Amino acid sequence: MKYAKIKKNDIANGPGVRVSLFVSGCNHHCPGCFNQEAWDFNYGENFTQETIDEILEALAPKHIRGLTLLGGEPLEFVNQRALLPLIEQVKARFPEKTIWCYTGFDYEKDVICDMMKKWPVTKELFRHFDVLVDGKFVLELLDLKLRFRGSSNQRIIDIPKSREAGEIVLWEDSGTFYS
């Protein structure tokens, strides 16, 4: 896997200050995408254990709330396999920090009904994810007032609560920095 960028102090892609990993490779090609250069699977740097170590170091300060995965497309199969060791190491070292993942895939249709049935790695990733922002970016539904998403069709899903309830439970934003 390749990655486009690591932001070590990101406040746009989840609550609080976060570390964000922008992976390379996406087949959605949404019109109006803010990160078109990351559509190319060969764009950027090689993702290695050294990259993971850099991310773990960036996550260490207490003020960092968690890790956000976006791209490109983190849930492309090749990216899932590369991200699993990162996610496992993050949760082992920082169990209190949240992991957010942005995807153009639909959680029920694509993730649950397809990916999880075909690829064991998907189930493993989702055991560790706290929040999934799902749905393709739709330029016609762009809404700059939305928090943590670009278009109104996208959902912010609380993965542990959804798993427990057996249905989609949307993430609730307390609106406070320390939630």
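Hi everyone, this is a short tour of the salt bridges in this structure. Please keep in mind that we are looking at a predicted model.

As a reminder, side chains of opposite charge can pair when their charged atoms come close. How many salt bridges does the structure hold? There are nine, and I'll walk you through some of them.

Let's begin with Asp 130 and Lys 91. Their closest N and O atoms are 3.1 Å apart. Asp 130 sits in the loop between helix H4 and strand S6, while Lys 91 belongs to helix H2, so this pair ties together parts that are 39 residues apart in sequence. Are these two residues buried or exposed? Asp 130 has a relative accessibility of 18%, so it counts as buried. Lys 91 is buried too, at 15%.

Next, please find Glu 108 and Arg 155, whose side chains form a salt bridge with an N to O distance of 2.6 Å. Here helix H3, which holds Glu 108, is linked to strand S7, which holds Arg 155, across 47 residues. Glu 108 is partly exposed at 30% relative accessible area, and Arg 155 is partly exposed at 22%.

Arg 147 lies in the loop between S6 and S7, and Asp 173 in the segment after helix H5, 26 residues apart. Both count as partly exposed, Arg 147 at 40% and Asp 173 at 33%.

How values were computed:
Residues numbered from 1 in each chain as written. Predicted model: local features only at pLDDT ≥ 70, side-chain atom pairs only at ≥ 80, totals over all residues. Heavy atoms only, no water. Salt bridge = Lys/Arg side-chain N within 4 Å of Asp/Glu carboxyl O. Helix = DSSP H or I, 4+ residues; strand = E, 2+ residues; numbered from the N terminus. Buried < 20%, exposed > 50% of the residue type's maximum accessible area, 1.4 Å probe, protein only.
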